[in-house]
Amino acid sequence: MRVLLEKYFSRGQIIELMYLSKSGEVSKRRVKIIKIHQESFQAYCFSRNAKRTFLIENVLALVPVKHRERGVI
């Protein structure tokens with residue numbers, strides 16, 4: 001998962017991810033990665049309109065958001 005995060009971070013791509021919270025809830029987030037650390041990463045979360053920290057091990061799946069999905073024609 002880390003390799004994919006680094007790939008999309010280097011390309012400046014917005015990604016959509018499925019994330020498992022500490023309380024065990026699964027959520028779908030659209031984020032732009034700001035910084036990657038050893039076990040976590042910081043990203044701007046469009047769902048929360050704020051910078052958030054995510055644990056890499058809790059990312060269940062991720063995909064890049066295509067231009068059309070971002071509202072760009």
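This is a predicted model: local features need pLDDT of at least 70, side-chain atom pairs count only at pLDDT 80 or more; totals for chains, interfaces and linings use all residues.
Begin by selecting Ala50, which you will find in strand S4, the stretch covering residues 50-55. If you colour the model by accessibility, Ala50 comes out as partly exposed, because its relative accessible area is 24%, and buried is kept for values under 20%.

Next, show what surrounds this residue: once neighbours within four places in sequence are set aside, Ala50 is in contact with Ala43, Tyr44 and Cys45.

Now widen the selection to strand S3, residues 40-45, and you can follow how S3 and S4 pair in the antiparallel sense over six bridges. Four residues lie between the two strands of this hairpin, and there you can pick out Asn49, which takes a positive phi near 55°.

From Ala50, draw a distance to Val31: the two residues are 19 apart in sequence, and their C-alpha atoms are 9.7 Å apart in space.

Val31 leads on to the largest nonpolar core, which has 15 residues, and where Leu5, Ile15, Leu17, Val31, Phe41, Phe54 and Leu62 touch the most other members. At least two residues of this core come from each of helix H1 (2-11), strand S1 (14-20), strand S2 (26-36), S3 and strand S5 (59-64).

Finish at Leu17, which, when residues up to four places away in sequence are not counted, touches Ser27, Lys28, Arg29, Val31, Phe41, Val59, Ala61 and Leu62.

How values were computed: Residues are numbered from 1 along each chain as its sequence is written. Side-chain values use heavy atoms; hydrogens and water are left out. Buried means under 20% relative accessible area, exposed over 50%, partly exposed in between (1.4 Å probe, protein chains only). Contact means heavy atoms within 4.5 Å. Two strands pair if DSSP finds at least two bridges between them. A nonpolar core is a set of buried Ala, Val, Leu, Ile, Met, Phe, Trp, Tyr and Cys residues joined through side-chain atoms within 4.5 Å.
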